[in-house]
Each structure stands twice: as C-alpha cells, then as structure tokens.
Amino acid sequence: MSDDEGRRLGEAELGTGLGRRATLVQFSSAFCQPCRATRRTLAEVAAMVDGVAHVEIDAEERLALVRELRIARTPTVLVLDARGAIVRRAEGQPRRADVIAALGEAV
C-alpha cells in the first residue's frame, strides 16, 4: 500500500468534478510521448465503463499538487473511487487490461 492510498482528491485539486463511480487522473507533460498513448487508453476505458471520468493534469502547470502527491515522472495515473480516495497509482504507460483491473478496486 502506498503512502497516498486513501488520500482524497476533489474538484479543488482536479479542476473538475469526480466521476460518479471512479476517476482516472493522469499527470502528463507537454513533450511526453507515452502521455499521448496513455490519454487515448484512459479515454477509451472511461468511455467503456459507465460512471468513470478521465481527468488529465499538466504536471508543469500544477507543480504544487505534483510535489504534494510525489509525482516523479509522467505519465503517472491515479485511480480514485467515487469519494475521490486514491486506490491505485501507476507510473508509465498502462495497458488497457491493467486500467480495467485497477478500476475493479475502485467501483
């Protein structure tokens, strides 16, 4: 279990509301090639699973949040449950099957 599991994020941190069932939060940077593929994967999964939202955060624009959450590289993906609690965290480009499995813990 990572230190941030159970920590909650909300509209103030994300800049938008949470998904009804879960939220996929992606930290990206402008020149990150894997971030583009991650964006597509997370958007596809969010479209497939009812009540799941995908939120992308520009790490360079949100340095305070990046430091607070100890985001060390992009892409980093956080899976939040319906209350905004962090249930999973992964660095690097995720596979669709892994995202779906992680959502299983959140919903």
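Two strands pair if DSSP finds at least two bridges between them. The close-ups below come from a predicted model.

View 1. Glutamine 26 stands opposite valine 77 in strand 3. Glutamine 26 also stands opposite glutamate 56, a residue of strand 2.

**View 2. Strand 1 pairs with strand 2 in the parallel sense.** Between them, the chain passes through helix 2 (residues 33-48). This β-α-β crossover is right-handed.

**View 3. Strand 1 and strand 3 run antiparallel.** Here 6 bridges join the two strands.

**View 4. Strand 1 is buried on both faces.** Which residues cover each side? Ala22, Leu24, Gln26 and Ser28 are on one side, and Thr23, Val25 and Phe27 are on the other. Buried means under 20% relative accessible area. In strand 1 (residues 22-28), 7 of the 7 residues are buried, so the strand is largely enclosed by the rest of the structure.

**View 5. A cis peptide bond joins threonine 74 to proline 75.** Its omega is near -5°. Where does proline 75 lie? Proline 75 is in the loop between helix 3 (63-68) and strand 3 (76-81).

**View 6. Arginine 70 has a positive phi.** The angle is about 55°, although arginine 70 is not a glycine. Arginine 70 sits in the loop between helix 3 and strand 3.

Note on methods:
Residues numbered from 1 in each chain as written. Predicted model: local features only at pLDDT ≥ 70, side-chain atom pairs only at ≥ 80, totals over all residues. Heavy atoms only, no water. Helix = DSSP H or I, 4+ residues; strand = E, 2+ residues; numbered from the N terminus. Buried < 20%, exposed > 50% of the residue type's maximum accessible area, 1.4 Å probe, protein only. Right-handed = clockwise from strand over helix to strand, strands pointing away.
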